[in-house]
Amino acid sequence: MERIVVLTGAGISRESGLDTFRDADGIWSRYDIADVCTPDAFRRDPALVDRFYNDRRAELGRVRPNAAHLALARLEEAARTGQWPGELLIVTQNIDDLHERAGSRNVWHMHGELLRVRCTSCGGTPEWQADCLPHTPCPLCGRPTLRPDVVWFGEIPLHMPRIEAALEACDLFVAIGTSGTVYPAAGFAALVEGHADTLEINQKPSAVSTRFDRFMTGPATRMVPRWVDERLAR
Ligand code: APR
């Protein structure tokens, strides 16, 4: 049985209409990380940070999964039905829900989820679709202490112990649409070196491309279905 861990980044959702962060027209060309994506930013101006995530939440409601998301869901389905004798885990840096909407179930969001908020009083992380404002009460404890359920710079990503265990046990590590500039995700290829094969799918080499055995160049909507077809044909 082949165990595959797929790491996805913003590039897989680009063709659905969601901007990446570091491409020329990316989110960080319009916003400063220090204003919207750190605990300090939220302490300083929670209304600004909430507005940033409210806008992204609204935008998410207007887009749909693309052929790359659907292809990964197809591979997971093939594993479930026994058509493909393997196991697929998606570890995503993305806070969108496009993997789940495409039908993937085995998805770990290491940077959190846009469609949840986190209460800093009771610790709850309820699902959330609408706008969230600094005085919005927590639906679980009633206190006005909600924040976006996303991992900001300087915070520890989620699920790290089980992600590391899955990387240690995998036979193939695939990185799709990520720039390889943000750790710990950018270090995963190095972590599996020596025990797993590695593949990078991107429209251009990432900052850690030299760590990969194989590279498929092109848009995710073309390359990921091609790679999945290849897997299923073996
Ligand atoms: N198909 C394939 N790859 C693409 C496509 C596409 N259509 N469009 C862009 N890419 C690639 C780019 O070449 C780049 O390597 O996607 C990558 C996007 O990189 P980033 O914008 O840096 O996004 P990501 O790697 O996911 O960022 C990591 O940084 O800002 C934080 O928390 C945020 O999770 C995010 C983390």
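Which residue does UniProt list for "active site" in its unreviewed entry?

1. The residue is His111, and the listing comes from an unreviewed UniProt entry. The structure discussed here is a predicted model. In this model, His111 sits in the loop that runs between β3 (107–109) and β4 (112–119).

2. Is His111 buried or exposed? The relative accessible area of His111 is 15%. His111 therefore counts as buried, because the cut-off for that class is under 20%.

3. Contacts of His111, with neighbours within four places in sequence left aside, are as follows. Under that exclusion, His111 is in contact with Thr92, Gln93 and Ile95, and also with Asp149, Val150, Val151 and Pro157.

4. The largest cavity has about 30 Å³ of space. Two elements, α3 (46–60) and β5 (146–150), each give two or more residues to the lining of this largest cavity.

5. The lining of the largest cavity is made up of Asp50, Tyr53, Asn54 and Arg57, together with Val117, Cys132, Arg147 and Pro148. With 4 residues, α3 supplies the largest share of that lining.

6. By residue class, the lining of the largest cavity holds 4 nonpolar residues, 3 charged residues and 1 polar residue. Asp50, Arg57 and Arg147, which line the largest cavity, belong to the charged class. Asn54 also lines the largest cavity and belongs to the polar class.

Methods
Residues numbered from 1 in each chain as written. Predicted model: local features only at pLDDT ≥ 70, side-chain atom pairs only at ≥ 80, totals over all residues. Heavy atoms only, no water. 1 Å grid on protein atoms, 1.4 Å probe; cavity = no way out; pocket = protein on both sides within 12 Å on 5 of 7 lines; lining within 4 Å. Points joined across faces, edges and corners; volume = space filled by probe spheres on them. UniProt positions renumbered as here; feature names shortened; annotations may be inferred. Buried < 20%, exposed > 50% of the residue type's maximum accessible area, 1.4 Å probe, protein only. Contact = heavy atoms within 4.5 Å.
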